[in-house]
Amino acid sequence: MAAATTAVAVAEASEGDKYRIYIYGEGEKNTKWRYGAPPNYDLVNKLFEEGRTKVWPAGSLEEKVQNLVKTWEMEMFHKTCWDDYKTLDPSNYTLSLNGRKGITLEEKRLLGGGYNSLLQTSLPEKYRCYNPAIETADSSHKAFTTAFPRGFALEVLHVYSGPPVIVYKFRHWGFMEGPFQGHPPTGEKIEFYGMAVFQVDEMMKVVKVEFFYDRGELLGALLKGANSESSGTLSCPFLNTAS
């Protein structure tokens with residue numbers, strides 16, 4: 001994967017995060033960060049290293065895909081100016097969830113940014129355990145970082161094809177050690193699995209992302225405890241919310 005092996009990328013990776021590039025270095029001196037400074041991934045990196053089930057050989061396709069996805073996630077959540085994105089082509093980029101029509105970066109912004117585009121649902125609003133229609137990038141970020149104070153780790157379990165169409169299986173996990181929208185922490189490990197397709201151009205920049213997973217695997221586990229902000233029952237009558 002050329003994007004992860006350039007001299008600039010290697011130099012920047014050596015200065016900071018070992019799984020993500022484009023955070024530190026000369027190339028990021030003018031980057032506009034959502035919270036005023038580059039993010040620190042030390043806690044989630046520790047969680048990842050303690051809980052991963054695969055250790056991919058250095059330089060392998062699996063390692064390169066995993067680092068690309070981690071870097072893409074970092075840029076999407078923490079960089080506020082599209083011109084600062086280096087893993088993707090802002091002018092020719094779409095993202096879709098569970099077969100929906102792809103959305104552009106501008107459409108993602110209109111959805112509230114943050115995690116909202118990854119938690120879309122067709123359920124009526126009164127049945128939504130997490131309602132992306134009313135959350136902002138900041139409120140969604142706060143909700144999940146509060147619930148997972150050590151972060152929500154990602155590993156690539158299998159890569160089925162390499163570029164230009166990268167198909168892979170992934171696992172996300174973390175420990176609910178903080179409350180989530182009125183539901184108390186359980187301390188339990190929460191994890192979910194899914195598939196993704198990343199299409200890249202000749203410059204190794206992502207132009208199309210497709211995710212396939214059941215959002216209910218995540219949300220259902222976060223809503224186990226009685227909601228202190230309501231009558232104590234779940235506001236969601238069913239949690240199979242992949243639709």
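The largest nonpolar core of this predicted model has 44 residues, and those with the most contacts inside it are Phe-144, Tyr-168, Phe-180, Phe-198, Phe-211 and Leu-222. A nonpolar core is a set of buried Ala, Val, Leu, Ile, Met, Phe, Trp, Tyr and Cys residues joined through side-chain atoms within 4.5 Å. Buried means under 20% relative accessible area, exposed over 50%, and partly exposed in between, with a 1.4 Å probe and protein chains only.

In this prediction, local features need pLDDT of at least 70 and side-chain atom pairs count only at pLDDT 80 or more, while totals for chains, interfaces and linings use all residues. Residues are numbered from 1 along each chain as its sequence is written, and side-chain values use heavy atoms, with hydrogens and water left out.

**Nonpolar cores**

- At least two residues of the 44-residue core come from each of helix 3 (61-78), strand 1 (94-97), helix 5 (137-147), strand 2 (153-161), strand 3 (165-175), strand 4 (189-200), strand 5 (206-212) and helix 6 (215-222); helices (H or I, at least four residues) and strands (E, at least two) are DSSP runs, numbered from the N terminus.
- Helix 3 supplies the largest share of this core, 6 residues.
- Apart from this core lies another, of 12 residues, including Ile-23, Tyr-41, Val-44 and Met-74.
- Not counting residues up to four places away in sequence, Tyr-168 touches Val-65, Val-69, Val-156, His-158, Val-159, Tyr-160, Gly-194, Met-195, Ala-196, Phe-198 and Phe-211, where contact means heavy atoms within 4.5 Å.

**Helix 5**

- The buried residues of helix 5 are Ala-137, Ser-140, His-141, Ala-143, Phe-144 and Ala-147.
- Seen down the axis of helix 5, these buried residues fall within an arc of 160 degrees, so they line one face of the helix; the arc is that of the directions from the helix axis to the C-beta atoms.
- Helix 3, strand 3 and helix 6 are among the elements that cover the buried residues of helix 5.

- An open sheet of 5 strands has the order 1-5-4-3-2, with mixed pairing; two strands pair if DSSP finds at least two bridges between them.
- Strand 1 and strand 2 stand at the edges with a single partner strand each, so one side of each has no neighbour in the sheet.
- Strand 4 and strand 5 run antiparallel and are joined by 6 bridges, whereas strand 1 and strand 5 pair in the parallel sense over 4 bridges.
- Glu-210 in strand 5 is the bridge partner of Val-197 and also of Ser-96.
- The hairpin of strand 4 and strand 5 has 5 residues between the strands, and Met-204 there takes a positive phi near 65 degrees.

**Aromatic pairs**

- The whole structure contains 17 aromatic pairs; rings of Phe, Tyr and Trp (its six-membered ring) pair if their centres lie within 6.5 Å, and planes under 30 degrees apart count as stacked, over 60 as edge-to-face and the rest as tilted.
- Phe-77 and Tyr-115 form a tilted pair, 4.5 Å centre to centre with 35 degrees between the planes.
- This pair links Phe-77 in helix 3 to Tyr-115 in the loop between helix 4 (105-110) and helix 5, 38 residues apart.
- Phe-77 is buried, with a relative accessible area of 15%, whereas Tyr-115 is partly exposed at 24% relative accessibility.
- Tyr-168 and Phe-198 form an edge-to-face pair, 5.6 Å centre to centre with 65 degrees between the planes.
- Tyr-168 is buried at a relative accessible area of 1%, and Phe-198 is buried at 1%.
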